[in-house]
Amino acid sequence: VPLIATGHLTAYASPDEWNEEDFETDIHACSSGPTIESIGQVDALPPDVFEDYDYAALGHIHRRMQVGSSPVHYSGSPVPTRVGEANVARHVLDVCWHEQEDTSVSVESLKVPTWRDIRKLTGPSDEVIKQIEAMDVHA
């Protein structure tokens, strides 16, 4: 039986994996910027804490990524939750345990269709009203 972990936390193998959009909330506010041990007010775990696991499903980061070559995966949020995520493909992960193949775990990323648009409207109120009136919300 595979050993699986889940958690709503942050884990990074290296700063190269960071994306500034991962740190937009107040909980990540940090004047000195994120470090591998601490991202703002939230501590980040090294992925090697999961080295004995076959798969670790983590939340908190809204984009799809695997942490280094570890078994740690973020599927990302299945729907965009803020304007900066509106044009980024959303995913769910299909995780399969292969009992006949030395209990290996495979992970396949499945694209989620876009069900709603997130739009940012700017300008004086009369301009914003015109933008709203011009939207095709029934498409």
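**Close-up views of a predicted model**

**View 1. Leucine 110 and its contacts.** Leaving aside neighbours within four places in sequence, leucine 110 is in contact with Arg90, His91, Val92 and Asp94; contact means heavy atoms within 4.5 Å. This is a predicted model, in which local features need pLDDT of at least 70 and side-chain atom pairs count only at pLDDT 80 or more, while totals for chains, interfaces and linings use all residues. Residues are numbered from 1 along each chain as its sequence is written, and side-chain values use heavy atoms, with hydrogens and water left out. Leucine 110 lies in strand 9 (residues 104-112); helices (H or I, at least four residues) and strands (E, at least two) are DSSP runs, numbered from the N terminus. The C-alpha atoms of leucine 110 and arginine 90 are separated by 8.5 Å, and the two residues are 20 residues apart along the chain. Leucine 110 counts as partly exposed because its relative accessibility is 33%; buried means under 20% relative accessible area, exposed over 50%, and partly exposed in between (1.4 Å probe, protein chains only).

**View 2. Histidine 73 and its surroundings.** Histidine 73 is found in strand 7 (residues 72-74). With 6% relative accessibility, histidine 73 counts as buried. Not counting residues up to four places away in sequence, histidine 73 touches Tyr55, Ala56, Ala57, Leu58, Arg64, Met65, Gln66, Leu93 and Val107.

**View 3. The aromatic pair.** One aromatic pair is found in a search of the whole structure. The ring centres of phenylalanine 50 and tyrosine 53 are 5.9 Å apart and the ring planes stand at 65 degrees, so the pair is edge-to-face. Rings of Phe, Tyr and Trp (its six-membered ring) pair if their centres lie within 6.5 Å; planes under 30 degrees apart count as stacked, over 60 as edge-to-face and the rest as tilted. Phenylalanine 50 counts as buried at 9% relative accessibility, whereas tyrosine 53 counts as partly exposed at 29%.

View 4. The structure holds one cavity of 30 Å³ or more. On a 1 Å grid over the protein atoms alone, a cavity is a set of points where a 1.4 Å probe fits but cannot get out, and lining residues have an atom within 4 Å of a point. The largest cavity contains about 40 Å³ of space; grid points are joined across faces, edges and corners, and a volume is the space filled by probe spheres set on the points. Pro78, Val79, Pro80, Arg90, Pro113, Thr114, Trp115 and Arg116 line the largest cavity. Its lining residues divide into five nonpolar, one polar and two charged. Ala, Val, Leu, Ile, Met, Phe, Trp, Tyr, Cys and Pro count as nonpolar, Asp, Glu, Lys and Arg as charged, and the others, Gly among them, as polar.

View 5. Lysine 130 forms a salt bridge with glutamate 127, and the closest N and O atoms are 4.0 Å apart. Both lysine 130 and glutamate 127 lie in helix 1 (residues 125-134), three residues apart, about one turn of the helix. Lysine 130 counts as exposed at 51% relative accessibility, while glutamate 127 is partly exposed, with a relative accessible area of 35%.

How values were computed. On a 1 Å grid over the protein atoms alone, a cavity is a set of points where a 1.4 Å probe fits but cannot get out, and a pocket is an open set with protein on both sides within 12 Å along at least five of seven lines; lining residues have an atom within 4 Å of a point. A salt bridge is a side-chain nitrogen of Lys or Arg within 4 Å of a carboxyl oxygen of Asp or Glu.
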